[in-house]
Amino acid sequence: MTWVDDPAFGAEHPFGPQTLPYGVVDAGEGPLVAVRVGDHALPLRSIEAALGEELRAVAWAGSLDPLLAAGRTVWTTLRARLRELVTATAAPRGATLLPLTARSEVRTLLPFTVGDYVDFYCSRHHAENVGRMFRPDATNLLMPNWTHLPVGYHGRSGTVIVSGTDVVRPHGQRRGNGGPVFGPTERLDVEAEVGFVCGGPTARRVPIADAADHLFGVALVNDWSARDIQAWEYQPLGPFLGKSFATSIGAWITPLDAFAAARIPVVEPEHPRLDYLVEDQPWGLDLRLEIEWNGTVVSRPRFADMSFSCAQQLAHMTVNGATVRPGDLFASGTVSGPEKEQRGCFLELTWAGREPVTLKDGQTRTFLADGDTVVITATAPGEDGSVVGLAEVAGTVLPAEVT
Ligand code: MN
């Protein structure tokens, strides 16, 4: 029996002692770095005496930035210390719990300063489906580079928002009959993705073998996408305003160390990898995602279906000399599986709007309507039969602003 009085704090629950993700909460007195225990937030400041002097700066910070910069040794020490503390039978002196459920008392904030943000395109099923829809006459579903490198683009870090933040329907230019038209997007979509939060020393040309020193943790990402704006603007330089208006990230970052039992081999490549992408045993994560549209689960993508590992993505991203710095974020790309009910975006799920989805209230949807809410969650197997959770990434669509 632990001193944490929370029925959701058990090995069978996604936020039991096997998970311990970090976030930042505000209970009315400014931002506090916290660890999530079940449905509660435990501010590190409230247990600083038990954490010790070396972790004081991390515990007193108003964001995860100092923790990200501190590096793997500190990450390991803090996690071990927290695990000991929360599974102990008695509370450390002076410890207080803040209930997460009382939203009026605790608000979760964007937990770190997002540096550079890169979005990849690592799901073969997603890339092939997009190929089928947009280039139906092409002889190859994939571009010739796709099987050799993790395709990606630099996104907009300034509009990365924390889960729970509303998303205003963006305006933009799209193709019309007889020329482009301007107005609110008519094809607002989601992309269910897995994001990796970077930390440790600033580095360039990170070899695969060193990737873990720069990978702090994992969070769900929703890469909101305006498909009509995207389709008109994307050639020849790729995504721009169709995606830069908002990218949501879960409020709690689950440390990479929590996924030791969830590592699985990535899909075998069809060509040998070039040297800098050769990984002894490339590993992915056995994460099972769920996408809920206004309360109806419409898809269950599996992260196991991705074709490049996070270490390969990081190695590729820095191989040209570009640096990785604490707070950088990179996301996997839409997670889609081979089956229809495993597609990670509504473009694929409704086949560009031709096959509407019926929600449990009887309404049908192709793309997002104003007022719609999308919640993405994920779990992975943990040690000894436990379950490791990724915090939800949720967002509600607000009507376009009047111009
Ligand atoms: Mn994306």
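Select D26 to begin: D26 is buried, with a relative accessible area of 16% (buried means under 20% relative accessible area, with a 1.4 Å probe and protein chains only). This is a predicted model, in which local features need pLDDT of at least 70 and side-chain atom pairs count only at pLDDT 80 or more, while totals for chains, interfaces and linings use all residues. Residues are numbered from 1 along each chain as its sequence is written, and side-chain values use heavy atoms, with hydrogens and water left out.

D26 belongs to strand β1, residues 22–26 (strands are DSSP runs of E of at least two residues, helices runs of H or I of at least four, numbered from the N terminus).

Next, select residues 72–87, helix α4. Its 16 residues should span 22 Å, and the end C-alpha atoms are 22 Å apart, which agrees; the expected span is 1.5 Å times one less than the number of residues. Colour R72, V74, W75, L78, R79, L82, L85 and V86, which are buried. Viewed down the axis of α4, the buried residues fall within an arc of 155 degrees, so they line one face of the helix. The arc is taken from the directions from the helix axis to the C-beta atoms.

Now select the manganese ion. Its protein donors are D119 (OD), E191 (OE), E193 (OE) and D223 (OD), 2.1 to 2.2 Å away. Donors are N, O and S atoms within 2.8 Å of the metal (3.2 Å for Na, K and Ca); water is not among the atoms, so sites may look incomplete.

Finally, keep D119 and E191, both of which are buried.

How values were computed. Buried < 20%, exposed > 50% of the residue type's maximum accessible area, 1.4 Å probe, protein only.
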